[in-house]
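Please keep the sequence and the structure in view while reading the points below.

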Amino acid sequence: MAVLTHLGPTPRDTAAVVAGLGLVSRWVGLAMLAPALVSLLLGEHRDASALLLGAAVGVLLGALLQRGRPPGRLTWTQAFTLAGGAWAVATGVAAVPLALSGHHATLLQAIVEAMAGLTTTGLVVVDDLDHLGVGMNLWRHLLHAIGAVAALLVVATIRQRGQTFVATSNVAESGDHHVLPRRGRSVRAALGLVVVWTLLGTVVLLPLALLAGATPGRALLHAATLATSAFSTGGFTLTSASAGALHAATVQLVLVVLMIAGATSLVLHRSLWARRIRGVRNELDVRVAGLTGATLLLVVLLGLRRAEVFEGATELVRQGLFTLVAAHTTTGMTPGPGRLLVTGWGEMAPAGIVAAMAIGGMAGSVAGGVGTLRVGILAKGIARDVRRLLLPESALVPADYQQSRRHVLTDRHVRAAATIVLLTLASVFGAAVIELATTSDGDLPEALFHAVSAVSTTGITVGFLDAGNDQVGLVVTGLLMWFGRMEFLAVLAALGMVARYVPGVGGRG
Amino acid sequence: MSARQRPEPRGGPLGAVLTLLAVVAVVVLVAWLRATAPQSPTDTAVPAEALGGADVLDCEELEREGPVAATDGTRRAPSGAVLECPFAFDGLRVRYVGEVVGDVLQRDGGSWVLLNDDDYALRTGPLGAGGEAAGTNSGLSVWLPDPLDELATVPGRAGVRGDVLDVVATVQRADPADGGGLTLRVDDATLLAPAVELEDPVHWRQVGAAVALGLLALGLTLRDRARRRR
């Protein structure tokens, strides 16, 4: 054990991580200035002062943490721990104005709302969303954008090292575990992608919202928030009517495109941008996403038909396709009230939706869930093992997969993918049991739906969580979103670093 | 790994204690500001008798007695009940009371509106300028044909409780005109309560705290910048 203690994070690691957390706190604080200005201009003085206070807290906390030299190039240990801790610190800072908005019954509720924003889950726990101020609502959506940039930043950084996204976003293949590249290029790549797609979405959605009958000001708000939410695979919307607020098929069609773009890997975005389309269909990610998407769409449509939910084919496809895409991309928008999924869609269709949420989007994208790449690797691993059984013991059974380039499938890849799947399953069942044990109403299917929705960072709400009264449920939901976004290991690394300084736990006390 | 690439550890236990104290101070400040937030004196509650008292439809009654329980548009159907058993309500003519929120989307022949019948709409009033937390919003999409849509003029938003309408409508569980969405098709409507703008007293303590901490943050940032230039 003594050896393990010495191999743990050093004081230098801790200093680098703390300085990085300071930077995160400062930037989240500064980001609040934009919605604060909107609130000031619209005369929403209470929200304006809440956002300015939150900005000040972020900057001050940042200054306190960032007393050392800011982190330049990080080691894997530092980057891992920083990633896990950054979401927690950003959530704490982001929750300050939400808690002061008057729309959260408890501080915990505001924290979970901020976590839902930053993890791009979009689970709605805010009270009375329909009377929330414009500035505060923009802040909620800005959290999605910040979360999306941060998620892509992790991806872009790892991409520069030539890694494969299997376990907790990556498996080091080059054996290099030392220094990560400087962040400037990665930040530009992540920020550029989110800004370009969001602006594009806003420009396309604006005339559609006007045609739908919204006033110019509201149309702009709808367009900007829907585009931000859809591409970041978040799910927050301006009103409680979610994606059905504008009653327009054209708007929902554009949202489908934006959601798919958000759940598409950074690598694929780059290939498409460079018009390198030929090899795209061979990518394991793309193949699995296509296969699971088509299969689950069939399951959902058959389920809806079986339950006789819709009479016409148009309604069947529109409702089924939109909801499935929203679930598979882990965006979580719904074309109508989410409660209907469990009360009016029969049993088979919601099962398809749950499966889609659990699988999620492509590895190396903004989307959450287990990830299509891991599903593909597990499937290939199982197929390889079956072939091994059928051949003589001495036979070599090679297997590979395409992900940017050709990779030889090793046991390490399969184990890494299986680890995430197992951790996801364990957390879903654990959370469902805890929530059922601590609430008087709700049943197991709804508890499982809610847990999968949270851990996959989808955020479809079926009314299981009573955010104002169920404090245990809120804590569990917040943890699920955090663990789900960071794919477990980064959070455990961050907690491990904190534990190291607890006397009697980490060996320093 | 060169020393240049890694920040030197500074602060140590004192830094950790200072950070913890700062976090606790922020939590205490936020809790204090929440507790001392001034409440809006504006009364927004819709009279209870206008809501039909206890004469509301629920799923159990519908399952027990069938569609006849709706008695053709005279009994109120809360949105919660409609969403809980949409098949039972499908095609029934019911009474529905709710606040116009969000947008009034004018189309040919009428308008789409979202009518909320939650506590914020009918009892406690909107949050933000006071009000009592009562969970998330609950409402239904409603199609108001011409000229009934002229009753919905001011939708609810921050600081405004929108027009409250009392409508008689048919529940469409999967309305083809809305791509399969659950809607209410209105054939009669009255304005139960016009929109109310809430008086929103300034939370001076919060303004003071924001200004004080903002100046402190600005000062620290400028100091850090000056140090870095040196």
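The model is predicted, and the predictor assigns the complex an ipTM of 0.91 and a pTM of 0.90.

**The nonpolar patch**
- Two helices of chain A, α2 (11-31) and α3 (33-41), each provide at least two residues of the patch.
- The most is given by α3(A), with four residues.

**Salt bridges**
- Over all chains, a search of the whole structure finds 19 salt bridges.
- One salt bridge is formed by A:Arg26 with B:Asp224, where the closest N and O atoms are 3.3 Å apart.
- This pair joins two chains, because A:Arg26 lies in helix α2 of chain A and B:Asp224 lies in helix α6 (residues 204-229) of chain B.
- In general, side chains of opposite charge can pair when their charged atoms come close.

**The barrel of chain B**
- Five strands of chain B form a closed barrel in the order β1-β2-β3-β6-β5, and their pairing is mixed.
- From one strand to the next, the twist averages 50°.
- Strand β5 (residues 164-175) of chain B and strand β6 (residues 181-193) of chain B run antiparallel and are joined by 10 bridges.
- Within this chain, B:Val164 has B:Ala193 in β6(B) as its bridge partner.
- As a rule, strands of a sheet pair through backbone hydrogen bonds, either parallel or antiparallel.

**The hairpin of chain A**
- Strands β1 (residues 400-403) and β2 (residues 405-408) of chain A pair in the antiparallel sense over four bridges.
- Opposite A:Asp400 stands A:Val408, in β2(A).
- The hairpin of β1(A) and β2(A) has one residue between the strands, and A:Ser404 takes a positive phi near 75° there.

**Backbone geometry**
- Most residues other than glycine have a negative phi, and most peptide bonds are trans.
- A:Thr233, a residue other than glycine, has a positive phi near 50°.
- The loop between α9 (216-231) and α10 (249-262) of chain A holds A:Thr233.
- The peptide bond from B:Asp146 to B:Pro147 is cis, and its omega is near -5°.
- B:Pro147 belongs to the loop between β3 (139-145) and β4 (160-161) of chain B.

**Confidence**
- Chain A has an average pLDDT of 86, and 89% of its residues score at least 70.
- In chain A, residues 1-6 have a pLDDT below 50, and this stretch has three contacts in the model beyond near neighbours in sequence.
- Residues 162-181 of chain A also have a pLDDT below 50, and this stretch has 77 contacts in the model beyond near neighbours in sequence.
- For chain B the mean pLDDT is 87, and 92% of the residues reach 70 or more.
- Over residues 1-9 of chain B the pLDDT stays under 50, and the model has 24 contacts for them beyond four places in sequence.
- Where pLDDT is low, the predicted coordinates should not be read in detail.

Key
Residues are numbered from 1 along each chain as its sequence is written. Chains are lettered from A and ligands numbered from 1 in the order in which they are written. This is a predicted model: local features need pLDDT of at least 70, side-chain atom pairs count only at pLDDT 80 or more; totals for chains, interfaces and linings use all residues. Side-chain values use heavy atoms; hydrogens and water are left out. pLDDT is the predictor's confidence in each residue, from 0 to 100. Contact means heavy atoms within 4.5 Å. Two strands pair if DSSP finds at least two bridges between them. Axes are lines fitted to C-alpha atoms, for helices over the stretch in contact, and angles run from 0 to 180 degrees between N-to-C directions. A salt bridge is a side-chain nitrogen of Lys or Arg within 4 Å of a carboxyl oxygen of Asp or Glu.
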